[in-house]
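Q: I am new to this structure and would like to go through it step by step. Could you show it to me?
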Number of protein chains: 2
Amino acid sequence: MTPPDPDSVRQKLLADLQTLYEAGIQAVMPDRAIFHHVRRDGNLLHIGDRTYDLSRGRNYLIAFGKAAALMAEALESLIGDALTDGLAITKYGHTGQVKLQKTRLYEAGHPVPDEAGIRATREALRLAEKARKDDTVFVLISGGGSALLISPATGLTLQDKQKTTELLLRTGASIQEINTVRKHLSRVKGGQLARAIAPAQFCSLILSDVIGDPIEFIASGPTAPDTTTFRDVWNILERYQLRSRLPVSVRTYVQEGLAGKQPETPKPGDPVLKSGQNRIVGNLAQALQAVYDRARELGYNTLILTTELEGEARELAHVYAAMTADILKRGWPVSPPACILCGGEPTVTVRGSGLGGRSQELALALLPKIAGRQVTVFGAVGTDGTDGPTDAAGAHVDDASQRRAAQMGLNWLDYLQNNDSYHFFEQTGELIKTGPTQTNVMDMHILLVNSC
Amino acid sequence: MTPPDPDSVRQKLLADLQTLYEAGIQAVMPDRAIFHHVRRDGNLLHIGDRTYDLSRGRNYLIAFGKAAALMAEALESLIGDALTDGLAITKYGHTGQVKLQKTRLYEAGHPVPDEAGIRATREALRLAEKARKDDTVFVLISGGGSALLISPATGLTLQDKQKTTELLLRTGASIQEINTVRKHLSRVKGGQLARAIAPAQFCSLILSDVIGDPIEFIASGPTAPDTTTFRDVWNILERYQLRSRLPVSVRTYVQEGLAGKQPETPKPGDPVLKSGQNRIVGNLAQALQAVYDRARELGYNTLILTTELEGEARELAHVYAAMTADILKRGWPVSPPACILCGGEPTVTVRGSGLGGRSQELALALLPKIAGRQVTVFGAVGTDGTDGPTDAAGAHVDDASQRRAAQMGLNWLDYLQNNDSYHFFEQTGELIKTGPTQTNVMDMHILLVNSC
């Protein structure tokens with residue numbers, strides 16, 4: 001028996017890497033997510049521990065987000081015969097090849113909302129208000145929904161809201177604070193879509209693109225209870241000394257809200273929320289569970305560390321490098337052949353002028369740290385198929401990447417310092433390209449280590 | 001059955017935390033490390049797979065580093081009767097309560113070397129050179145040894161070396177590059193103590209305070225082969241344009257080295273290294289293994305992630321926070337009651353003017369991220385009992401820390417931004433104080449999570 005040579009082991013690991021991230025993405029495709037959680041039985045529809053009688057009243061569908069088209073198609077295929085009307089709002093170019101029978105498909109602006117989004121949301125509210133007691137509105141929510149389901153509160157314009165958000169961003173307000181304000185300047189966010197749907201019941205099926213799957217944050221929680229108030233908004237505006245710098249219409253609106261003259265968002269226990277359910281049908285945990293199962297089939301000692309990873313991408317490289325070392329030396333946290341899985345949404349502090357994304361930057365920062373180790377392969381992939389403003393989903397590196405790059409005259413450090421991971425990996429051929437996947441549950445990190 | 005209340009569970013976890021880090025430190029106390037790896041059997045001494053016949057020739061002891069006194073005492077207790085002479089150099093105030101029979105104990109400057117170190121090292125070299133064929137020199141190495149065993153090469157002064165190191169530090173040279181230069185300006189570093197000991201054989205017992213236990217880096221590897229050369233030194237000096245700015249004596253010495261007129265450090269395979277062994281008797285892995293064993297006894301589902309953690313301390317907090325969430329939600333990477341163990345040597349980029357250390361800063365950054373979770377306790381502890389320039393070994397935080405701090409009017413963010421973790425935890429009473437432990441294998445991180 002000759003021992004396997006490193007090159008062939010590395011090729012095997014690289015092939016496994018692709019198998020694994022594809023298994024993860026497939027597990028959270030919008031249609032599969034819905035089929036996984038919804039079961040039709042005659043006129044009954046089982047979702048979680050709730051059962052919907054499709055013959056009781058009329059059934060409507062409202063979908064929004066980057067996966068809206070595919071989610072709508074999946075639900076139509078299940079209950080299209082029982083559907084009265086439907087409407088889906090997605091990002092320009094995200095309609096895919098779907099065939100919809102009863103659902104009107106709208107395209108609108110994302111991440112910057114536009115008038116097309118406002119018009120489509122007006123239609124959605126009209127549909128919601130058509131629904132009566134005994135009717136059911138199925139709400140299909142996915143990432144990007146916050147910009148696509150957009151309806152400024154009475155008397156406000158899209159520009160008023162955008163100006164306010166910009167001012168908050170510049171002061172360094174937290175994302176929670178910004179969301180608190182935005183929910184209160186909207187007619188649909190923060191549970192207000194549920195109010196429009198009442199007295200009909202709603203059933204929201206949610207594809208989560210937010211760390212920890214908080215239903216009040218995904219797409220700004222249009223059918224979730226909101227715990228924040230106009231008082232909180234007023235305090236935030238004071239904290240950042242924005243009261244006098246806001247558009248007059250916004251200040252007036254918030255003051256009216258404080259005085260009880262504008263509608264507060266529905267709070268936990270509000271009757272408009274009581275009959276509804278918010279159900280996560282796809283998230284990063286589901287994707288990583290699928291990767292885990294596949295990795296075990298492939299013979300890896302597999303461990304899922306977490307689905308909620310945040311922090312500066314290049315710093316997280318230290319953690320993967322450290323584990324690589326101990327996997328080989330001590331079998332900590334698992335023995336080779338090892339597969340360590342992680343996911344989340346790291347950040348990149350941009351200092352350079354290059355092109356890249358958080359997954360590519362993480363891979364580039366790890367490249368020197370695993371160089372020359374026993375056979376190690378790492379891949380970081382955005383499940384939506386897009387990493388930063390690039391056409392790549394992420395990148396992979398291995399223990400020989402630094403050597404190969406050096407032979408090409410590429411210095412990883414120069415590219416890292418310039419936040420230019422895309423142009424580095426474009427040359428080394430280590431970009432991961434999946435094309436847009438029509439789903440989004442954040443990023444997966446896959447570390448494969450073998451002794452050889 | 002009433003469920004246990006969070007406060008009592010938290011108290012239990014905090015008590016366990018202390019049990020656990022103490023178990024870790026105890027496992028790598030210098031005496032225990034030596035007793036664990038050395039076995040006396042009549043005139044025979046078994047160390048690893050090597051056996052030393054104490055009656056063959058004379059036996060000497062040379063110890064240096066912060067644990068030198070305790071290591072010397074432990075070896076004396078094993079082979080004191082067979083010892084001819086011994087010498088130990090430790091940091092001022094690090095002599096502990098040891099009783100030495102045949103070993104002369106010297107104290108010297110650390111981290112900045114001084115003349116006392118130079119004098120003691122001269123004695124050490126005299127002792128090394130006394131040793132003949134058939135003699136054995138036991139070399140006891142611990143962290144800090146690089147400053148304590150200090151002997152500038154022929155014609156150089158301590159000031160010459162310090163000036164050179166300062167110049168390199170200011171140019172941004174890597175620690176590897178700095179070490180390459182320092183080894184070549186020394187009479188003992190980079191395997192040169194082994195040369196002084198030859199033709200006697202050496203047996204080095206090493207307490208590792210360096211990530212990955214590389215024997216060539218611990219205390220600058222005085223009995224380890226060195227792969228770097230005067231040519232490398234010359235190139236480094238050119239890279240940072242230091243050739244003309246160096247002390248003349250240093251430049252002359254390096255040029256003579258290049259010309260073969262000064263001794264090159266022993267390379268792998270050098271005869272002076274052949275009969276010796278370098279054995280790690282204590283390291284972070286040993287400490288974490290002991291914590292692991294104890295945590296299992298206490299009933300925790302326990303996982304050691306890695307012993308080689310580096311990176312910015314506050315960024316690593318993201319990783320622990322992320323795991324906390326998934327432990328509770330999904331039992332990833334392990335189910336509650338969970339104990340996650342990690343170790344290494346994170347760094348802190350100092351931007352503020354406060355007082356703290358890497359372990360305290362990591363704990364402070366984690367504090368808001370675990371606030372209000374189910375019962376969670378985290379501790380970060382320097383095994384030497386010292387975290388940064390403070391009298392604390394580290395700090396602990398739990399899910400109620402933020403609430404308690406807020407009640408005291410303390411804002412964690414202010415303290416974090418000012419790198420002032422010590423003064424924060426001093427007020428909250430969450431400093432971990434062990435006093436100097438007389439050992440050092442870097443830091444341990446212990447995360448305990450329970451459902452409640």
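Q: Which residues do ring pairs link into a cluster in chain A?
A: This is a predicted model. In it, A:Tyr415, A:Phe424 and A:Phe425 are joined into a cluster by ring pairs.

Q: How many aromatic pairs are there over all chains?
A: The count over all chains is ten aromatic pairs.

Q: Why is the pair of B:Tyr415 and B:Phe424 edge-to-face?
A: The ring planes of B:Tyr415 and B:Phe424 stand at 65 degrees, with the centres 5.4 Å apart, so the pair counts as edge-to-face; the cut-off is over 60 degrees. B:Tyr415 and B:Phe424 are buried as well.

Q: A change of topic: over which ring does the charged end of A:Arg330 sit?
A: The charged end of A:Arg330 sits over the ring of A:Trp332, 5.8 Å from the ring centre. In chain B, B:Arg330 lies over the face of B:Trp332, at 5.8 Å from the centre of that ring.

Q: What rotation superposes chain A on chain B?
A: A rotation of 180 degrees does so, with 0.0 Å of shift along its axis and an RMSD of 0.1 Å. The two copies are thus related as by a two-fold rotation axis.

Q: Which residue of chain A comes closest to the rotation axis?
A: That is A:Glu315, whose C-alpha is at 3.3 Å from the axis.

Q: Why do the copies meet through the same surface?
A: They do so because 100% of the interface residues of chain A are also interface residues in chain B.

Technical notes. Residues numbered from 1 in each chain as written. Chains lettered and ligands numbered in written order. Predicted model: local features only at pLDDT ≥ 70, side-chain atom pairs only at ≥ 80, totals over all residues. Heavy atoms only, no water. Phe/Tyr/Trp six-rings, centres within 6.5 Å; stacked < 30°, edge-to-face > 60°. Buried < 20%, exposed > 50% of the residue type's maximum accessible area, 1.4 Å probe, protein only. Lys NZ or Arg CZ within 6 Å of the ring centre and 35° of its normal. Least-squares fit on C-alpha atoms with pLDDT ≥ 70 in both. Contact = heavy atoms within 4.5 Å.
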